[in-house]
Structure formats: C-alpha cells, structure tokens
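Work through the exercises below with the coordinates open. Try each task before reading its solution.

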Amino acid sequence: MSATLPYPWQQKTWQSLLARFQQAQLPHGLLFNGTAGVGKRHLAQCLAEFVLCLTPQSDAACGQCKSCELIKAGTHPDLQNVAPEESGKAIKIDQVRKLNHFLGQTSQQGGYKVAILAPAEAMNINAANALLKNLEEPSAKTLIILISDAPNRLMATIRSRCQAVAFAVPALSDASRWLTPLCGEHQPEALLNMCGGAPLAARDLLDEGRLEARLAFAKDLHDMANGQMFSLQAASRWMDAEPLLLIEALLTWLQSASRQEAQPETMQQMEDEQALMTVLQSVGVKLRFRLYDKLLKSKAQLLSGANPNQQLLLEEIAMDWQAMMASRKPMRPAI
C-alpha cells in the first residue's frame with residue numbers, strides 16, 4: 001500500500017505546506033482555491049495522510065502504518081470529509097454541526113483531527129456561520145481544509161479566517177507530459193485546451209461519452225450560427241446532458257476566443273472546436289462578455305444548490321447564443 005503523492009505540477013506548493021507543518025507553522029484553517037481540475041482535492045488528501053501518518057517519511061505519508069491503512073479503508077476516526085449529500089446541492093447546517101462535534105472531540109489516534117470540506121462554496125449561509133466558531137476558536141491539533149473553485153462566493157468572514165493556498169493551472173508542457181500516457185489516440189494539448197489547461201478536467205473528458213458529448217455540443221452551436229439549427233431544437237438535444245458541463249464548456253470556448261484575439265497563437269484543437277472558434281471571433285467582444293457574464297450567473301445558481309428548471313435554463317442558453325449569432329454576418333452553409 002502506497003501513500004497518495006502530489007501531482008508533478010504541485011511540488012512547490014507541497015513542499016511549502018510540508019515545511020510549515022514541520023516547523024509547527026501550519027494554520028488550523030486552509031483554503032485551497034483555484035480553477036477546477038488542477039488537483040486541489042488530491043493535494044488535500046496528500047496533506048491529510050501526511051498529518052495523520054504515524055511514521056511519516058520526509059515528503060509523504062508512509063502508506064504502511066495503521067493510520068494510513070485506516071485512511072485507505074475510509075474508516076480513519078480522525079479524518080472527516082464533508083460534501084453535499086447530493087451532487088449540485090448545498091452543504092447543510094446539520095452536516096457542519098456534526099463536523100463541529102467531531103472537531104471538538106479528542107483525537108482517537110492521539111494526533112491531529114483533519115476535516116476536508118468541498119466544495120466550500122456549497123455551504124449555505126447557516127452552515128457557513130456554524131463553521132465560523134471552529135475557525136475562530138479551533139481546538140488544539142485540528143486542521144480544516146476548505147476547497148473552492150469560486151472563493152469569492154464564500155463569506156468574507158470564512159475567507160479571512162483561513163490561509164489561502166492558490167492553485168494555478170500548470171504549464172502546458174507539464175500537464176501534457178502527465179496526460180500523454182492516459183489519452184490514447186487523442187492529442188493531449190487538444191484535450192487540455194478544451195479545459196483551459198486543467199489536467200484533471202482533461203483526463204475526465206476521456207470518461208465514456210464525455211468527449212463525444214462535448215464535441216456534439218460544439219457542433220450544435222456551430223450549426224446554430226449557420227442557421228442550420230434553431231434554439232428550441234438545440235435545447236431539446238441537450239436535455240440529457242448536465243447543464244453545468246455545458247456551461248463550463250461554453251465558458252472555456254469564450255475565454256479561448258478572447259485569448260486568441262489578444263495574443264494570436266496556434267492552439268491544438270479538434271475540428272469542431274476550431275470551427276466554433278472562427279464563429280466566436282466574428283462576434284463583437286462586448287457581446288461575448290455579456291454572454292460570459294450571464295453564464296457565470298447561471299453557473300453560480302447551479303453551484304449554490306438551487307434547482308432551476310433544466311429545460312428553461314437550456315432554452316435560455318440556446319436563445320442567448322442565437323441572439324448573439326444574429327449580430328454577425330451569416331456564414332455560408334458548408335457544401
């Protein structure tokens with residue numbers, strides 16, 4: 001049994017965390033924040049294993065002691081993970097109350113108690129307020145790791161009581177090197193560019209059907225730009241997809257279009273995405289930003305645990321796209 005190890009692009013952050021822990025300077029509250037898909041949750045697991053390990057090595061948990069075995073089995077009494085009970089829902093106050101009770105108890109292994117809460121922005125206001133006391137007056141030897149893709153959506157009082165650890169998107173070369181053995185016939189750079197450079201998000205595209213669904217979505221948007229498909233028809237085709245995944249895909253494409261305009265570069269992209277980039281770059285920047293802002297609000301609504309009507313949400317996205325396309329000169333249909 002081996003310990004969980006950081007990803008290659010996380011070494012600098014990992015060494016900094018280890019140094020602070022070994023010098024007894026690690027704060028009781030950490031906020032891991034950054035783009036989705038860069039490994040924040042993974043590094044939190046590495047840190048939890050190291051802190052709880054009975055015989056840690058110089059830069060990782062031993063993977064062999066009783067504590068490491070309990071963690072791998074998911075039964076360690078001094079480690080608690082808090083997440084929404086259902087995907088896309090809120091973290092509730094009752095869950096945080098249970099966490100507070102856990103943090104107030106004596107460690108059963110005689111060392112640290114560690115809690116990992118993700119995504120932190122999923123806490124409703126009551127849950128966030130319930131967590132504040134433990135962040136303000138922590139028990140001895142407790143470590144609370146909050147993980148967030150959108151830290152600006154956390155209460156300011158929560159943010160101020162945690163030390164932020166920012167996770168950047170790794171260099172394309174580093175991410176590509178890691179992804180290459182996993183991506184088979186696909187080009188790693190093309191997959192990474194589909195996900196804004198986030199390696200784990202690119203890896204997840206290889207899950208059954210995800211990549212095909214993403215490219216089908218790009219083709220639908222391109223067909224709408226050409227007048228070959230209309231908004232309600234497109235929205236009905238998207239009903240089986242996860243709205244959040246569609247929104248994130250469109251946000252990434254809008255970002256890529258703006259980045260390529262600001263700094264023209266050759267990006268490896270799949271054919272359907274290349275066609276979509278041409279379409280997006282024919283639309284005014286203000287209109288693209290307007291759509292981007294609307295999509296961010298829809299994403300925030302979904303992540304807040306709200307349960308919007310999926311059909312209406314998809315129809316609104318499709319109509320917004322069609323309206324934006326109406327502002328450009330129509331493209332000639334492909335022959």
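The exercises that follow concern a predicted model.

**Exercise 1. Helix length**

Task: Check whether the end-to-end distance of helix α15 agrees with its number of residues.

Solution: 
- Step 1. Helix α15 covers residues 310–325, which is 16 residues.
- Step 2. The expected span is 1.5 Å times one less than the number of residues.
- Step 3. Now look at the start of α15. A side-chain oxygen of asparagine 309 comes to within 3.0 Å of the backbone nitrogen of glutamine 311.
- Step 4. Finish with burial. The buried residues in α15 include Leu313, Leu314, Ile317 and Trp321. Glu315 is buried too.

**Exercise 2. Backbone geometry in loops**

Task: Characterise the peptide bond between alanine 118 and proline 119, then the phi angles of alanine 24 and lysine 141.

Solution: 
- Step 1. The bond joining alanine 118 and proline 119 is cis, with omega about -10 degrees.
- Step 2. Proline 119 sits in the loop between β3 (113–117) and α5 (125–136).
- Step 3. Alanine 24 is not a glycine, yet its phi is positive, near 55 degrees. Alanine 24 belongs to the loop between α1 (11–22) and β1. Its relative accessibility is 72%, so alanine 24 counts as exposed.
- Step 4. Lysine 141 is not a glycine either, and its phi is positive at about 50 degrees. Its loop runs between α5 and β4 (142–148). Lysine 141 has 48% relative accessibility, so it counts as partly exposed. Exposed would need over 50%.

**Exercise 3. A strand residue**

Task: Is asparagine 33 buried or exposed? Which residues does asparagine 33 touch?

Solution: 
- Step 1. Asparagine 33 is in strand β1, residues 29–34.
- Step 2. Its relative accessibility is 14%. The cut-off for buried is under 20%, so asparagine 33 counts as buried.
- Step 3. Leave out residues up to four places away in sequence. Asparagine 33 then touches Lys40, Ser148, Pro151, Ala164, Val165, Ala166 and Phe167.

**Exercise 4. Sequence separation and distance**

Task: Find the C-alpha distances for glutamate 248 with leucine 295, and for glutamine 301 with methionine 324.

Solution: 
- Step 1. Glutamate 248 lies in helix α12, residues 243–262. Its relative accessible area is 27%, so glutamate 248 is partly exposed.
- Step 2. Glutamate 248 and leucine 295 are 47 residues apart along the chain, and their C-alpha atoms are separated by 8.4 Å.
- Step 3. Glutamine 301 is in helix α14, residues 285–303. At 36% relative accessibility, glutamine 301 counts as partly exposed.
- Step 4. Glutamine 301 and methionine 324 are 23 residues apart along the chain, with C-alpha atoms 22 Å apart.

Terms used
Residues numbered from 1 in each chain as written. Predicted model: local features only at pLDDT ≥ 70, side-chain atom pairs only at ≥ 80, totals over all residues. Heavy atoms only, no water. Helix = DSSP H or I, 4+ residues; strand = E, 2+ residues; numbered from the N terminus. Buried < 20%, exposed > 50% of the residue type's maximum accessible area, 1.4 Å probe, protein only. Polar contact = N/O pair within 3.5 Å; in protein donor to acceptor, adjacent residues only side chain to side chain. Contact = heavy atoms within 4.5 Å.
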